[in-house]
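Morning, everyone. Let me put the structure up, and then I'll walk you through it.

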Amino acid sequence: MLIIRTKAELRAMTQDWRRAGESIGVVPTMGALHAGHLSLVDRACAENDRVIVTLFVNPKQFNNPEDLAKYPRTEDSDAEKLTPYGADILYVPDGAQMYPEGFATTVSVTGVSEGLCGGARPGHFDGVATVVTKLFLQTDADRAYFGEKDYQQLQVVTRLAEDLDLKTEIVGCPTIREEDGLAMSSRNLRLAKGPREIAPVIAQVLDDAARVISRGGQVAQALDNARAALLSAGFDTIDYLELRSDPDLKLMTRADRPGRLFLAAWLDGVRLIDNVPVAGLASVPTRKDHPLEPA
């Protein structure tokens, strides 16, 4: 695996691949790689002739300078983790490569970027859309791989590629979880031992609420119960806990179509996010239609 740091070097490689008729997959990351990232790399390698993993801690998607400063930088260990997977290039541009002097363009996606993390982190998705557009153009990728843990981000990037007629196909991949159910995230590394033991409550609470809602329970009551359970477990605050339609992310007050529960909560000074699907009532058998349950 080559480590490349400039656009010029990267384009020289991708042009050679294109001349050879090879397909290109890209996995955009900010580093601090874990098994979730590596699952994306594994799939990209299975579906493309060539694979580029990008590593760039993008300042434009951080609305909190302190959060940016604390974000882990682990290039050496990231490169080591990637070695067995067969990626061709680790692209590690610096700020000058991505945002040279005089840079004045922002890419903005409305609709699916509103509310949730878009509401809690102003400007975040403008930063995501801008850097992703640049990475797609720099890598000349046929396919790009994103995890469903950041489901709103996945929908923003999908909308971006469709609206701008980008050739890059967006491939969403399932959330990878720790054995205790916690969604894998680079931010988990910042949790002390006690809070780390509390964190899996997120998945338990979301699964319980999704089950209640999909069986016809009141959405508002299920969400209130979930908030109470999280705060009782030791979470500091909750940014949002909402039911949204899938994939347009419209706010829902009842499960009359497929949706997802979305959560962002603070624990030990760390902001954790997760989401789980909720089946629409039309797709869930009624009791008298279910062969194993009495009417």
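One term before the tour: a polar contact here is a pair of N or O atoms within 3.5 Å, and within protein one of them must be able to donate a hydrogen and the other to accept it. Keep in mind that this is a predicted model.

Start with Gln 61. The side chains of Gln 61 and Asn 58 make such a contact, at 2.9 Å. Gln 61 sits in the loop between β3 (50-55) and α3 (65-70). Is Gln 61 buried or exposed? Its relative accessibility is 9%, under the 20% limit, so Gln 61 counts as buried. What does Gln 61 touch, leaving aside neighbours within four places in sequence? The list is Met 30, Arg 121, His 124, Gly 127, Val 128 and Val 131. UniProt, in an unreviewed entry, puts a "binding site" feature at Gln 61.

The record has another position for us. His 37 is listed by UniProt under "active site", again from an unreviewed entry. His 37 belongs to helix α2 (residues 35-47). With a relative accessible area of 16%, His 37 is buried too. Beyond its neighbours within four places in sequence, His 37 contacts Thr 29, Gly 31, Ala 32 and Ser 186.

Now the overall layout. The protein divides into domain 1 (2-173) and domain 2 (188-278). Their C-alpha centres are 27 Å apart. Domain 1 puts 15 residues into the contact, and domain 2 puts in 14 residues. How much area is buried between domain 1 and domain 2? About 1400 Å², with carbon and sulfur atoms giving 60% of that. On the domain 1 side, Leu 116, Lys 149 and Tyr 151 supply 42% of the area buried against domain 2, more than any other three residues.

Next, the nonpolar cores. The largest has 38 residues. Which members touch the most others? Ile 52, Tyr 91, Val 132, Phe 136, Phe 146 and Ile 170. Several elements each supply at least two residues, including α1 (7-19), β2 (24-29), β5 (143-147) and β8 (259-267). Helix α7 gives the most, with 7 residues. Where does this core lie? Both domain 1 and domain 2 give residues to it, so it lies between them.

Not counting residues up to four places away in sequence, Ile 170 touches Phe 136, Ala 144, Phe 146, Leu 154, Val 157, Thr 158 and Ala 161. There is also a second, separate core, of 28 residues. Ala 209, Ala 222, Met 252 and Ala 255 are among them.

On to Arg 244. Arg 244 is in strand β7 (residues 237-245). At 10% relative accessibility, Arg 244 counts as buried. Its side chain makes a 2.8 Å polar contact with the side chain of Glu 242. Past four places in sequence, the residues that Arg 244 touches include Glu 114, Gly 115 and Leu 116. Leu 251, Met 252, Arg 260 and Phe 262 are also among them.

Last stop, Gly 86. Gly 86 is in the loop between α4 (75-82) and β4. Its relative accessible area is 47%, so Gly 86 is partly exposed. How far is Gly 86 from Leu 251? In sequence they are 165 residues apart, and in space 41 Å, C-alpha to C-alpha.

That's the tour. Over to you.

Methods. Residues numbered from 1 in each chain as written. Predicted model: local features only at pLDDT ≥ 70, side-chain atom pairs only at ≥ 80, totals over all residues. Heavy atoms only, no water. Core = buried A, V, L, I, M, F, W, Y, C linked by side-chain atoms within 4.5 Å. Buried < 20%, exposed > 50% of the residue type's maximum accessible area, 1.4 Å probe, protein only. Helix = DSSP H or I, 4+ residues; strand = E, 2+ residues; numbered from the N terminus. Domains from an automatic or database assignment. Contact = heavy atoms within 4.5 Å. UniProt positions renumbered as here; feature names shortened; annotations may be inferred. Buried area = accessible area lost by both parts, 1.4 Å probe.
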